[in-house]
Amino acid sequence: MLYELTPQQQEDRASFVAFADDHLVPEADRWDREQRLSDSVVELLGKSRLLVPTLPTEAGGSGMDVETYGLLSEELGRGCGNVRNLVAVQGMVAHALLKWGTKAQADRWVPRIGTGETVGAFALTEPEAGSDARNGSMTAERTGAGFVLNGRKKWISFGQRAGIFLVFARLEGEPAAFVVERGTDGFRTEPISGLLGLRASELAELTFDGCVVPEANLISHGRLTFDLLATGSLDYGRYSTAYGSVGLAQGCLTASLEYTRERTQFGVPIRDHQLVRRMLTDMISSVEAARLLCRQAGALRARNHKDAIRQTLIAKYVASRTGFRAADDAVQLHGANGIGPGFPVQRHLRDAKVQEIIEGTSQIQQVQIAEMTL
Amino acid sequence: MADNAGNKAAIREFILENISESTVRDDEDIFERGLVRSMFVMQLVLFVEQEFGVSITGEDLQFDNFRTVDRIDELVSRKLAAV
Ligand SMILES: Cc1cc2nc3c(=O)[nH]c(=O)nc-3n(C[C@H](O)[C@H](O)[C@H](O)COP(=O)(O)OP(=O)(O)OC[C@H]3O[C@@H](n4cnc5c(N)ncnc54)[C@H](O)[C@@H]3O)c2cc1C
C-alpha cells in the first residue's frame with residue numbers, strides 16, 4: 001500500500017502546519033511554565049472548528065474525515081502536546097455523547113463542546129483504578145430525582161476548565177455513564193499541579209459527595225457501557241495520541257537537524273560526527289516508521305475495518321515509544337541547551353513520557369496487542 | 001444485500017475468527033462461555049456496521065442483543081427493516 005496524501009489532504013496539512021507554527025509553537029513553552037493554556041487558544045480552536053472537527057457541521061464540527069484528523073493531530077502534537085490532548089478529549093466526549101446518547105442528549109451537549117462554548121472532560125480514572133478502570137469504585141444510586149453519585153476521579157485532563165464531565169460509575173452493579181455539569185451540588189474539582197509533562201493539560205481531581213443528577217443525564221447503563229462507550233472513546237484518543245507522538249518526534253527531529261548543523265565542536269558542525277549521525281538516522285527512520293503505522297491505522301479506520309482497533313493500538317504503542325526515544329536523543333544532541341529553557345526539546349521529552357501512560361500504558365497496549373493477535 | 005441465512009453465516013464466521021474456539025452454536029452465549037476478549041464487542045460493532053451498513057446506537061446497547069449469533073442476527077434484521 002502506498003500512503004500518498006491526496007491534493008486536498010496536502011492542502012489541509014499545510015493549513016495545520018501553519019496553524020501550529022503561528023499559534024502553538026510560539027506559546028507552548030509559556031503554557032508549559034504557567035501550567036495552563038490561554039483562553040484565547042481554546043476560543044480560536046473552537047472558532048476554527050478544530051476542537052472536534054470530525055463532528056458533522058451542524059453538531060459543531062466540520063465533517064473532517066478520520067485520515068485528515070490524523071494529520072491535524074500530528075501537527076498539534078508537534079506544536080503543543082496539551083492542545084493535542086485538549087482536542088483528543090473533546091472528541092472523546094463529544095463522539096461518545098453523539099453515538100451513544102439519545103438525540104436530546106446529543107443536541108444538548110455536543111454542539112457546545114464542538115464550538116468550544118463549554119469544554120468537556122472524560123472522567124474514568126480513579127485514585128485506586130487506572131489500568132483496571134473497569135473496576136472503579138465510584139457509585140451511582142437511584143433516587144426520586146434521578147441518581148446520586150459518590151466517589152472520586154483523578155488525573156482528569158482539563159478538569160480545571162471543563163463545564164461538562166462524562167463520568168463513569170457503577171449503578172446496580174453494572175457500569176454506567178453520566179453527564180455532570182460544573183456547578184452541580186455535591187461536585188467539586190481540585191487542580192493537580194507540578195506534573196512532569198503535559199503540564200498545561202489543567203488536570204484535576206474530582207469529588208462527588210452526594211451529587212444528584214437528573215434522569216436525563218444518564219447516557220448509558222449496562223455492561224456495554226464499558227465495552228463500547230469507554231473503550232471506544234479510548235480508541236479514539238489513542239489514534240490522536242499516536243499521531244501526536246509522531247508530531248512530537250518530528251518536532252524533535254527538525255530541532256535536532258537544525259541544531260546539529262549550526263553547532264560546531266572540534267572544528268566541524270556536530271552532525272559531521274559519526275555518532276551524532278547515528279542518532280539522527282535512528283530518529284529519521286523511526287519517525288517515518290511510526291508515521292506509516294499511523295497512516296495505516298487511519299486508512300483502516302476510514303473504512304471501519306475490523307482490524308482498525310488493533311492497528312491503532314500498535315500505532316500508539318510504537319509511536320509513543322518512538323516519541324520518547326526521539327525526545328531523549330534530541331535533548332542529548334542539544335547538550336546543555338537541551339536541558340535549558342531556550343529550546344523546546346526538554347518540554348517534548350517531558351510530554352513524551354506522558355504519551356506512554358495515557359489511553360492505556362505501554363504495558364497495557366502490549367497486553368492488548370498480544371490478546372488480539374495471539 | 002445478503003439473505004437472512006447469509007447474514008447469520010457471516011456473523012458466525014466473524015465470531016469464530018475472534019474467539020478461542022472453533023465451533024459455536026447459534027444460541028450459545030459467547031460471553032458466558034468466556035470466549036471473548038476485551039476489545040471484542042467494539043470489533044463486533046465495527047463488523048456489524050461495516051458488513052450490513054447499519055448504525056448501532058445507544059438504544060441497541062442492551063447486552064442481550066450481542067450474546068449469541070441468533071441475537072446479533074435479530075438485531076441486524078431489526079436494523080435493516082428500519083432502514
Ligand atoms: C497527563 C495525564 C492526563 C490524564 N488524563 C486523563 C483523563 O482525561 N481522563 C482519565 O480518565 N484519565 C486520565 N489520566 C489517567 C491515565 O489514563 C492513567 O494514568 C493510566 O490509565 C494508568 O493508570 P495508573 O496511573 O493508575 O497506573 P497503574 O494502572 O497503577 O499502573 C502502574 C504501572 O503498572 C503497570 N501495569 C498495570 N497493570 C498491568 C498489567 N496487567 N500488566 C502489566 N503491567 C501493568 C502499568 O503499565 C504501569 O507501568 C491521565 C493521566 C495523565 C498522566
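How much of the span of residues 230–371 of chain A is helix, and how much is strand? In this predicted model, the span is 80% helix and 3% strand, and its end C-alpha atoms lie 19 Å apart. UniProt, in an unreviewed entry, places the feature "domain: Acyl-CoA dehydrogenase/oxidase C-terminal" at these residues of chain A.

Residues 121–211 of chain A tell another story. Here the chain is 0% helix and 53% strand, with end C-alpha atoms 17 Å apart.

The strands of chain A can be followed one pairing at a time. Strand 2 (residues 139–143) and strand 3 (residues 146–156) of chain A run antiparallel and are joined by 5 bridges. Between these two strands of chain A lie 2 residues, and together the strands form a hairpin. To find one point along this pairing, look for Thr139(A), which stands opposite Asn150(A) of strand 3 of chain A. Strand 3 of chain A also pairs with strand 7 (residues 204–214) of chain A, again in the antiparallel sense, over 9 bridges. Within that pairing, Val148(A) has Val212(A) of strand 7 as its bridge partner.

A further hairpin is formed by strand 4 and strand 5 of chain A, with 2 residues between them. In its turn, Glu172(A) has a positive phi of about 50°. Strand 4 (residues 164–171) of chain A pairs with strand 5 of chain A in the antiparallel sense over 8 bridges, and the bridge partner of Leu166(A) is Val179(A) in strand 5. Strand 5 of chain A is also joined to strand 8 (residues 218–221) of chain A by 3 bridges, and these two strands run antiparallel. There, Phe178(A) stands opposite Leu218(A) of strand 8. Of the 8 residues of strand 5 (residues 174–181) of chain A, 7 are buried, so this strand is largely enclosed by the rest of the structure.

The axes of helix 2 (residues 40–52) and helix 3 (residues 69–82) of chain B come within 12 Å and cross at roughly 40°. Because of this angle, helix 2 of chain B is oblique to helix 3 of chain B. The contact involves Leu44(B), Val48(B) and Phe52(B) from helix 2 of chain B, together with Ile72(B), Val76(B) and Leu80(B) from helix 3 of chain B. The crossing of these two helices of chain B is right-handed.

Methods. Residues numbered from 1 in each chain as written. Chains lettered and ligands numbered in written order. Predicted model: local features only at pLDDT ≥ 70, side-chain atom pairs only at ≥ 80, totals over all residues. Heavy atoms only, no water. Buried < 20%, exposed > 50% of the residue type's maximum accessible area, 1.4 Å probe, protein only. Helix = DSSP H or I, 4+ residues; strand = E, 2+ residues; numbered from the N terminus. Pairing = 2+ DSSP bridges. Axes fitted to C-alpha atoms, helices over the stretch in contact; angles between N-to-C directions. Parallel < 35°, antiparallel > 145°, perpendicular 65-115°, else oblique. Left-handed = near helix turned anticlockwise from the far one by under 90°. Contact = heavy atoms within 4.5 Å. UniProt positions renumbered as here; feature names shortened; annotations may be inferred.
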